[in-house]
Amino acid sequence: MFDFRLRVFHTVAKRLSFTKAAEELYISQPAVTKHIHELEQQLGMALFERIGNRIKLTRAGQLVMHHAEIIFTDYRNLEYEINQLKHTQGGLLAIGASTTIAQYLIPPLLAKFNQRYPDVKTSLTNGNTEQIEQALFEKSILLGIIEGSSKNPLLKYVEFARDEIVLIGNPKHSYGNGEPLSAAELRNIPLLMREHGSGTLEVITDELKRLKLKITDLNVAMYMGSTESIKSYLHHSSCAAFISLQAVQREVEAGEFVVLPIKNFKLIRKLHFTYLQGLQDKLAQLFIKFARQHVTE
């Protein structure tokens, strides 16, 4: 019972909401309140401070949260090692990936991984790079896979794969008369861009500096939240867009889009696994090893 009360506490502490914790744990809100009250009685200290309709962790709650994270990591690793003794792999692995990776790169790898390790239960959520890093801090995922070049000192980054960002356009419209675009010509083309916080936008911004261009120098027609939205828009527009070559390879080969070369511009970005510094979750490390071995297949 203490273990389940700790799980209830951990969920409430992550969500800072009794209602959301009840929904996640599939129990009633009064049951959540009861478990937290019993844990507080057992420890002899309040774990949450109620401020109007909001709650926050007390100092005692922060201490319990710190040790709960260690305990649950130990539990996952215990399960992993017991399963190894039984010559199986099992457990729960929550992964988060930035949007382009989640849509185009990771699903085939997850399918292979789940076929190889059927007793491992995996989940995949997606968001932009900032959202994935925030999910790691909130402990709602154990492993992130991101596109950006940002380096948070609280996170460890492990290179996973490489990807090329290219400028694409609708072949019905003429851009540069077939010659590589100059920086001046690029300024005049209406562009679709990924939203702020996107790893794709971050690396494009950095590379454009080599051409002495800023995003504000460009004719940005719209910021959009996903690669699929951009691709759909481009089918009906004279705009162009910077997109992962992996995400648009099929359409380029089919002649639906054309790659527009830019003078002195070639953007190869690194994709990274990322997780909290000091994390030794063995299922996460198993997936990292598996994915790096199979990403080029």
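Helix 8 (residues 199-208) is mostly covered, with seven of its ten residues buried. Buried here means under 20% relative accessible area, exposed means over 50%, and partly exposed lies in between (1.4 Å probe, protein chains only). Helices (H or I, at least four residues) and strands (E, at least two) are DSSP runs, numbered from the N terminus. The buried set in helix 8 is Gly199, Thr200, Leu201, Val203, Ile204, Glu207 and Leu208. Glu202 also lies in helix 8. Glu202 counts as partly exposed, because its relative accessibility is 25%. Its C-alpha atom is separated by 9.5 Å from that of Thr129, 73 residues apart along the chain.

The model is predicted: local features need pLDDT of at least 70, side-chain atom pairs count only at pLDDT 80 or more, and totals for chains, interfaces and linings use all residues. Residues are numbered from 1 along each chain as its sequence is written, and side-chain values use heavy atoms, with hydrogens and water left out.

Now the whole chain. Its secondary structure comes to eleven helices and eleven strands. The C-alpha atoms fill a box of roughly 75 × 50 × 30 Å along the principal axes. Of the 297 residues, 48% count as buried. Contact means heavy atoms within 4.5 Å. Among contacts between residues at least 6 apart in sequence, 73% join residues at least 24 apart.

The domain assignment gives domain 1 (4-68), domain 2 (83-161 + 271-293) and domain 3 (163-268). Such bounds come from an automatic or database domain assignment. The centres of domain 2 and domain 3, taken over C-alpha atoms, are separated by 28 Å. Their contact takes 14 residues from domain 2 and 18 residues from domain 3.

Next, the interior. In soluble globular proteins, nonpolar side chains tend to be buried together. A nonpolar core is a set of buried Ala, Val, Leu, Ile, Met, Phe, Trp, Tyr and Cys residues joined through side-chain atoms within 4.5 Å. The largest such core has 28 residues, and those with the most contacts inside it are Leu93, Ile145, Phe160, Phe273 and Phe287. The elements giving two or more residues to this core are strand 3 (91-98), helix 5 (99-116), strand 5 (143-146), strand 6 (155-169), strand 11 (267-276) and helix 11 (282-294). Another core, of 22 residues, lies apart from it and includes Val203, Ile215, Ala240 and Leu267.

What does Ile145 touch, not counting residues up to four places away in sequence? Its partners include Ile95, Ile101, Ile106, Ile132, Phe160, His272, Phe273 and Phe287.

Met193 sits in strand 7 (residues 191-194). Met193 is buried, with a relative accessible area of 1%. Beyond four places in sequence, Met193 touches residues including Leu201, Ile204, Ile215, Tyr223, Ile230 and Phe242. The C-alpha atoms of Met193 and Ser226, 33 residues apart along the chain, are separated by 9.4 Å.

Two helix pairs are worth a look. Axes are lines fitted to C-alpha atoms, for helices over the stretch in contact, and angles run from 0 to 180 degrees between N-to-C directions. Angles under 35 degrees count as roughly parallel, over 145 as roughly antiparallel, 65 to 115 as roughly perpendicular and the rest as oblique. The axes of helix 2 (residues 18-25) and helix 3 (residues 29-43) come within 8 Å and cross at roughly 105 degrees. Helix 2 and helix 3 are therefore roughly perpendicular. Phe18, Thr19, Ala21 and Ala22 in helix 2 meet Gln29, Val32, Thr33 and Ile36 in helix 3. By class, this contact has five nonpolar, three polar and no charged residues. Ala, Val, Leu, Ile, Met, Phe, Trp, Tyr, Cys and Pro count as nonpolar, Asp, Glu, Lys and Arg as charged, and the others, Gly among them, as polar.

Helix 5 and helix 9 (residues 227-234) pack at about 80 degrees, with their axes 9 Å apart. That makes helix 5 roughly perpendicular to helix 9. Thr100, Gln103 and Tyr104 in helix 5 meet Thr227, Glu228 and Lys231 in helix 9. The residues of this contact divide into one nonpolar, three polar and two charged.

Last, the backbone. Most residues other than glycine have a negative phi. Tyr26 is not a glycine, yet has a positive phi of about 60 degrees. Tyr26 is placed in the loop between helix 2 and helix 3. Tyr26 is exposed, with a relative accessible area of 75%. Lys139 has a positive phi of about 65 degrees. Lys139 is placed in the loop between helix 6 (129-137) and strand 5. Lys139 is partly exposed, at 29% relative accessible area.
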